[in-house]
Amino acid sequence: MNDMTPIATKPKDWETDQEVRWCPGCGDYAILKAVQRTMPEIGARPENTVFVSGIGCSSRFPYYMETYGFHTIHGRAPAVATGVKLANPELDVWIITGDGDALSIGGNHTMHLIRRNLDCQVLLFNNEIYGLTKGQYSPTSRIGTTSPSTPFGSVDRPANPCAFALGAQARFVARAIDVHKNLPSVLKAAYAHKGTGFVEIFQNCIVYNDDVFAPFTDKANAAGNQLWVEHGKPLLFAGGTKGLTMDRERLVLKVVDVIDGDWDGADVIVHDQTNRGLAHMLVEMPAGTFPMALGVIFDDPAPTFESAVVEQNRAASAGKQPDLQKLLSKGQTWMVDKQPHEI
């Protein structure tokens, strides 16, 4: 049988006939368009792609992608996605989740998906609030966040999604912004990674948490407060006038001025996306004092969960012939040779 030449797709081919229903101005619209634009560029095929979501505003996503999809229950998207990938490892599986869905009720499922290293992409839309249920504080909400559930201000210490992922032994961790032009390139990198590609996307909730990310997303603040990392390139920001170096006495990062472009003289660190220790420091830099690290922060592939399962099943069945009757007869069995009325 001859192999068929894959048919090239266009962004329009990935759109469904469903009315996209998010609040006007929601960052989810931008993420949806970025994903639909990215699919043709990575050579994905609709009939080979599955989007799995949990519960939340972001979880409407599968309805708007012309692919297979599951809108599952709260926090359980990783479990369903694992079943899908084990049933057919050839499928491209994307998990769409939010900060509440993935890190609250779904925290354990997210952790186990990551540590197992299932080959899939996890897009975590982080708006630091529960939007669908009308603005309660979420696991990533900042201390002092006022909401219907914390009218006097949250006293919870917020979870850091990327630090959580690294702590769960993630092999790929990245960050992006809903409306930023670099989002497609981050999605492509996650797709190219063989294993769990964890991407935190800062997504603005215009109704319940508007402009919470403005200190680094607003155009006026972007240059000075965004650090887009790139493997093998110096960690520079603010138009190349500032960079990150290592305080060797305290073993922490610090910001230094770069004079006349001499980043080497300023001892600016060159990004190594395979360095887990550096990745931890980048994702945990305190806001305000440091820029927000964005892009592919960590990428160090390892064998995937489903490949290990497939190999284990292959080894276990090697040299054996399938025999259902033999399986049913295995162990203690007996034969009833009388009719019920004769007993």
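**Ground rules.** I'm working with a predicted model, where local features need pLDDT of at least 70, side-chain atom pairs count only at pLDDT 80 or more, and totals for chains, interfaces and linings use all residues. Residues are numbered from 1 along each chain as its sequence is written, and side-chain values use heavy atoms, leaving out hydrogens and water.

**Entry 1: I206.** I looked for I206 and found it in the loop between strand 6 (196-202) and helix 7 (214-217). (Helices, H or I with at least four residues, and strands, E with at least two, are DSSP runs numbered from the N terminus.) I206 counts as partly exposed because its relative accessibility is 35%; buried means under 20%, exposed over 50%, and partly exposed is in between, with a 1.4 Å probe and protein chains only.

**Entry 2: G331.** Next I checked G331, in the segment after helix 11 (324-328). At 62% relative accessibility, G331 counts as exposed.

**Entry 3: helix pairs.** Which angle do helix 2 and helix 10 make? I got about 45° for helix 2 (residues 77-87) and helix 10 (residues 305-317), with axes 10 Å apart. So helix 2 is oblique to helix 10 (under 35 degrees is roughly parallel, over 145 roughly antiparallel, 65 to 115 roughly perpendicular, the rest oblique). Helix 1 (residues 28-41) and helix 6 (residues 183-192) pack at about 55°, their axes 9 Å apart, and are therefore oblique to each other too. Axes here are lines fitted to C-alpha atoms, for helices over the stretch in contact, and angles run from 0 to 180 degrees between N-to-C directions.
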